[in-house]
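Here is a friendly walk through one chain of a model. Have the viewer open and follow along.

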Amino acid sequence: MAGSLAYKKACDEANPVLLEPIMKVTVTTPDEYMGDIMGDLNSRRGRVLGMDSAGKNQVINAEVPLAEVQTYAPDLRSMTGGRGMYSMEFLRYDEVPNQISGKVIEQIKAEQEE
Amino acid sequence: MGHMNETLRNVALVAHGGAGKTSLAEIMINKAGMTTRIGRVEDGNTVMDFEPEELKRQASLSTGFFQLPWKKHTISLIDTPGDQNFISDAKLCMQAAETAMIVVDAVDGVKVQTEQVAEFASEYGLPCAIFINKLDRERADFTRAVDDAVQCLSPKPIILQLPIGAEADFNGIVDLIGMKAYQYDDSGNASEIDIPADMQDTVETERETLIENVAEADDALIERYLEGETISNQELRDTLKKGILSRTFAPVLCGSATHDIGIDLLMDFINTCLPSPLEMPPKQGVTPKDEPAERKPDPSEPFSGFVFKTVADPYAGRLTILKVVSGKLGGDGTFYNATKETRERYNQLLTIAGKEQKPATEAGPGSIVAMAKLKETKTGDTLCDEGNKILYTCATPMPILISFALESKATGDEDKIYISLSKLLEEDTSLKLERNAETKEILLSGLGQVHIESTIEKLKRKFNVEVILKTPKIPYRETIKKKVRVQGKHKKQSGGHGQYGDCWIVMEPLPRGTGFEFVDAIVGGVIPKQYIPAVEKGIVEACQKGPLIGAPCVDFRARWILAVTMRSTHRKWRSRWRVHWPIKKPAMKPIPFC
């Protein structure tokens, strides 16, 4: 049918991309764990926006994709011996980087076929 | 109770998990003669913890309440959970106390959760006292525990008692105010002894420090002390009480809950040195018109109170637990719920003792009472006298940290999950249940994995609903990055009316977060108006499934630029301007793959 031909063409032409939710993550932690937490956030594709000190604690503001922080609560707890706390809220949708989106699409398609 | 609330002491036992809060509560209950046997957490026969989930984990998951008589006073214990996963309950229930008794583990010292609950106490302006527990254990160290407390906790801890002996030899306590020493036998009976000779020097210096510290709470006293006057023990006790109330310091007591050492001294201390509800400063609130208002903890003031916990009791139904701030409540009657703006009636006032409830005839300022089967009233609501409305700000539950997707084991149980879970949610305000429209999953969020798991266990035990926990799917979305023009053609010739439609749509990306926009850009009004919404609806529905993984497609504009429909000359092809079919269908097609 003409319609299906049209959409196949459109598919290639319009350059479709995957968007993922980006969360605003605020981590409160004692000084000594700062380095570890920043490194960890980076490895989670996070972007550290800034730091503040609040009393004896440091507050790190970062933007991290939701996919990377679904189990952040126990991870942060074990990283900081329970001293770190965090809160998280939805910020916006952003494009999934190319090298990752391929994997995500494959994985989801596999799940859908199950 | 009631008018006797002068002798009431609401004490919240707070600390990190495993510090011995429940054990301490059990031994106090036993000493007051309320139980014949001391409940032991290890044996699972405690009065305060009785839910199977708590017994299995040997930890409190929910706050326990018990009122016990001690030397003409009523000590009302609020045994909070210490585990991080259930800290929200501790936070809410601490509001009901006049004093926070911070239990410090002499082996482990002050852990994070203890710091956290101490912060809640300072948020509420709660006076604090510290009890150093487990001094009988191996590697227990009184001095280290005190140093730890001084470093991590405020108000400033000051030593009130010293232990005699250490670890397994720990068998007595020196009271630095009365300057007396007590030795305990195996069954917890105290006998007064002389202060051990080898401790004389330490006791002297510690008493000096104590007097200096206590005197800080009273300028007149500190002057007299500096001038070299001796200060009587009674004066010292009075000033101690004043300083505790003003949060100038937090006195440190010590002992062992499991070996019953120092518990009677602790209970005497609660009676004599901790504030009664009537001594608390007025509680601040607002009127419905948002003007500041306050209520003194006085039985003659109009009634006010707040709900800090709801329990689903298997026998009594829903129990609403509230604290009376001012005025009085009778055994039955009505109250005004200022938060919900409704009047509600209660049939029987109850007091809570472990898992049992006892009827109460009246309640005064400071009383912690329960009402059964209230319909409207929820945790966090302010209750008051209808003629004198007031609203208190209630502490908010801790923010949620982790989410799990629920999947029912038996198909078709989805509704049951919702109904039963919403009952558990009433009990635990730190849980959140929602359905994600995009991923079509039921999400249960809470403070931690154990929090969610224990909720699921309860769900199974109480409602016989079994679910599987899964990591939630990510609500991905899709969009396009390039402007394209697509053609959609629809032809139908076989059977019935023939149809032919052809339309052109321009699709272009929009900035993030703008969603989807539909523009009808057909010039000349060739398409009858009534069909346009149909076309738009077709596109909106279609873009719920994107080309890559079937996620909703967002942030683009679809501009409808050209539509051609044809009337066939053939007899069968009679459809004329059947735009809703010929146009809608092609419009639907290209979009999902845009």
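## About the model

This is a predicted model, in which local features need pLDDT of at least 70 and side-chain atom pairs count only at pLDDT 80 or more, while totals for chains, interfaces and linings use all residues. Residues are numbered from 1 along each chain as its sequence is written, and chains are lettered from A and ligands numbered from 1 in the order in which they are written.

## Domains of chain B

Chain B is divided into domain 1 (2-194 + 248-278), domain 2 (283-384), domain 3 (402-470) and domain 4 (484-593); these bounds come from an automatic or database domain assignment. Taken over C-alpha atoms, the centres of domain 2 and domain 3 of chain B are 29 Å apart.

The contact between these two takes 6 residues from domain 2 of chain B and 4 residues from domain 3 of chain B. Here, two residues are in contact if their C-beta atoms, placed from the backbone, lie within 7 Å. On the domain 2 side, strand S14 (residues 304-313) of chain B gives the largest share, 3 residues. Strands (E, at least two residues) and helices (H or I, at least four) are DSSP runs, numbered from the N terminus. That side of domain 2 divides into 2 nonpolar, 2 polar and 2 charged residues. For these classes, Ala, Val, Leu, Ile, Met, Phe, Trp, Tyr, Cys and Pro count as nonpolar, Asp, Glu, Lys and Arg as charged, and the others, Gly among them, as polar.

## A four-stranded sheet

Now look for an open sheet of 4 strands of chain B, in the order S25-S26-S24-S27, with antiparallel pairing. Two strands pair if DSSP finds at least two bridges between them. Strand S25 (432-436) and strand S27 (467-470) of chain B are the edge strands, each pairing on one side only. Strand S24 (residues 402-408) and strand S26 (residues 441-446) of chain B are joined by 5 bridges, and B:Ser403 has B:Ser445 in S26(B) as its bridge partner.

Helix H11 (residues 449-463) of chain B packs on the sheet, touching S24, S26 and S27 of chain B.

## Helix pairs

H11(B) also meets helix H10 (residues 414-427) of chain B: their axes come within 10 Å and cross at roughly 115 degrees. Axes are lines fitted to C-alpha atoms, for helices over the stretch in contact, and angles run from 0 to 180 degrees between N-to-C directions. B:Ser420, B:Leu421 and B:Leu424 of H10(B) make the contact with B:Thr455, B:Lys458, B:Leu459 and B:Phe463 of H11(B). By class, this contact has 4 nonpolar, 2 polar and 1 charged residues.

In another pair, helix H6 (residues 200-215) and helix H8 (residues 233-245) of chain B pack at about 55 degrees, with axes 9 Å apart. H6(B) and H8(B) are therefore oblique to each other (under 35 degrees counts as roughly parallel, over 145 as roughly antiparallel, 65 to 115 as roughly perpendicular and the rest as oblique). B:Ile211, B:Val214 and B:Ala215 in H6(B) meet B:Leu236, B:Thr239, B:Leu240 and B:Gly243 in H8(B). These residues divide into 5 nonpolar, 2 polar and no charged.

## Two backbone details

Most residues other than glycine have a negative phi, and most peptide bonds are trans. The peptide bond from B:Ser154 to B:Pro155 is cis, with omega near -5 degrees. B:Pro155 sits in the loop between helix H5 (142-152) and strand S6 (156-159) of chain B.

B:Met179, a residue other than glycine, has a positive phi, near 50 degrees. Look for B:Met179 in the loop between strand S8 (172-175) and strand S9 (180-184) of chain B.
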